[in-house]
Amino acid sequence: MKVTFDQLGDGAREDAALVYVVSDSLGDSAHNVVLSAAAQFSDGAVRVVRLSQIESAEEVAAYFDEHEEDFVSTAVFHSIVDPTLRKKVRSDLNNRGILSVDILGPVVQLLAGLTGERPKNQARAHHMVDSRYMRRVSSMEFFADHDDGKNPQDLPGADVVLVGLSGSAKTPLAMYLSFLGYKVASVSLDPGCEVPEQLAQVDKGRLFALENKTRALSNVTMLAGDAGATSVEMLAQAEDAIDHASKVIDELGCTRLSTDEKTVEELSADVIAQIEQA
């Protein structure tokens with residue numbers, strides 16, 4: 001069994017609710033549910049302890065025996081695939097008077113009814129090496145080889161191509177999309193960067209321009225400023241660079257995406273919604 005801790009927020013609070021995530025696998029599913037729910041509350045209001053890769057109800061019980069003094073405001077979210085192990089852990093939690101929520105069991109039962117199949121009950125089935133896993137590895141390698149204008153000859157074969165100035169979140173978005181299994185390349189439109197001719201060969205439905213006026217202006221000011229130039233001159237050069245990038249974007253026929261106040265997850269949803277319709 002592995003034990004990890006996650007204090008949500010910048011500072012620890014003595015009255016923080018203590019939430020356990022218990023799983024016979026990595027516990028990512030239940031952990032993500034807890035994080036999504038905890039985000040609705042103030043920083044430090046929730047402290048998460050993850051007990052992952054558990055092999056027996058006894059080791060979980062032993063851990064709870066050692067930390068029983070911590071059970072003030074406590075709940076357990078568990079995603080245990082093995083039905084026998086799940087039943088034992090849940091019984092122990094009930095005996096201790098600890099509130100628990102089964103994240104996985106009801107979903108597995110529902111899908112069993114819909115498919116008419118018996119579940120595999122394999123704790124690590126989701127993480128096994130399969131075609132999806134290999135696609136993810138391949139796409140992450142593609143991202144590493146095609147970030148920020150590298151190997152432009154491969155641009156027409158990418159699932160997604162991102163262009164934009166520095167500070168427009170090209171690399172974080174490309175990395176996130178690659179983790180989801182998409183081959184993503186990015187090209188910088190900063191001053192002095194050559195626009196590869198292969199961009200004109202990219203399917204317009206897969207070509208996205210990321211724009212963040214505030215952050216881009218700050219970054220381009222530093223990149224575009226000549227030595228000894230005044231702040232006014234540097235700002236003018238930066239604005240010229242932004243105007244130039246905008247013209248290139250128009251010529252390419254990119255889909256424009258504003259990254260202002262948008263998370264990487266939200267941006268990826270925008271991108272995926274378009275390319276999956278193509």
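This is a predicted model: local features need pLDDT of at least 70, side-chain atom pairs count only at pLDDT 80 or more; totals for chains, interfaces and linings use all residues.

Me: What share of the chain is buried?
Reply: Of the 278 residues, 37% are buried. The cut-off for that label is under 20% relative accessible area.

Me: Why is the pair Arg50 and Asp28 called a salt bridge?
Reply: The closest N and O atoms of Arg50 and Asp28 are 2.9 Å apart. The rule asks for a side-chain nitrogen of Lys or Arg within 4 Å of a carboxyl oxygen of Asp or Glu, so the pair qualifies. Arg50 belongs to strand E3 (residues 46-52) and Asp28 to helix H1 (residues 28-38), so the bridge ties together parts 22 residues apart in sequence.

Me: Is Arg50 buried or exposed, and what about Asp28?
Reply: Arg50 has 15% relative accessibility, so this residue counts as buried. Asp28 has 33%, so the label here is partly exposed. The limits are under 20% for buried and over 50% for exposed.

Me: What makes Glu211 and Arg256 a salt bridge?
Reply: Their side chains meet at 2.4 Å, N to O. The limit is within 4 Å, so the label holds. Glu211 sits in strand E8 (residues 207-211) and Arg256 in strand E9 (residues 255-258), so parts 45 residues apart in sequence are tied together. Arg256 is partly exposed, at 33% relative accessibility.

Me: How do you know that Lys262 and Asp270 form a salt bridge?
Reply: Their closest N and O atoms are 2.5 Å apart. That value falls within 4 Å, so the pair passes. Lys262 is partly exposed at 37% relative accessible area, and Asp270 is partly exposed at 29%.

Me: How many salt bridges are there by this rule?
Reply: The count comes to 9. Salt bridges with shared partners join Asp65, Asp92 and Arg96 into one network.

Me: How many disulfides does the rule give?
Reply: The count is 0. As for individual cysteines, Cys193 is partly exposed, with a relative accessible area of 38%. Cys254 is buried, at 12%.

Me: Why is Ser23 called buried?
Reply: Ser23 has 1% relative accessibility, so this residue counts as buried. The limit is under 20%. Ser23 lies in strand E2 (residues 17-23).

Me: What does the side chain of Ser23 reach?
Reply: Two backbone atoms can be named. One is the backbone nitrogen of Gly27, at 3.4 Å. Another is the backbone oxygen of Ser79, at 3.1 Å. The distance limit for a polar contact is within 3.5 Å.

Me: Which residues is Ser23 in contact with, leaving aside its neighbours within four places in sequence?
Reply: They are Leu51, Ser52, Gln53, Ile54, Ser79 and Ile80. Contact here means heavy atoms within 4.5 Å.

Key. Residues are numbered from 1 along each chain as its sequence is written. Side-chain values use heavy atoms; hydrogens and water are left out. Buried means under 20% relative accessible area, exposed over 50%, partly exposed in between (1.4 Å probe, protein chains only). Helices (H or I, at least four residues) and strands (E, at least two) are DSSP runs, numbered from the N terminus. A disulfide is a pair of cysteine sulfur atoms within 2.5 Å. A polar contact is a pair of N or O atoms within 3.5 Å; within protein, one must be able to donate a hydrogen and the other to accept it, and residues adjacent in sequence count only if both atoms are side-chain atoms.
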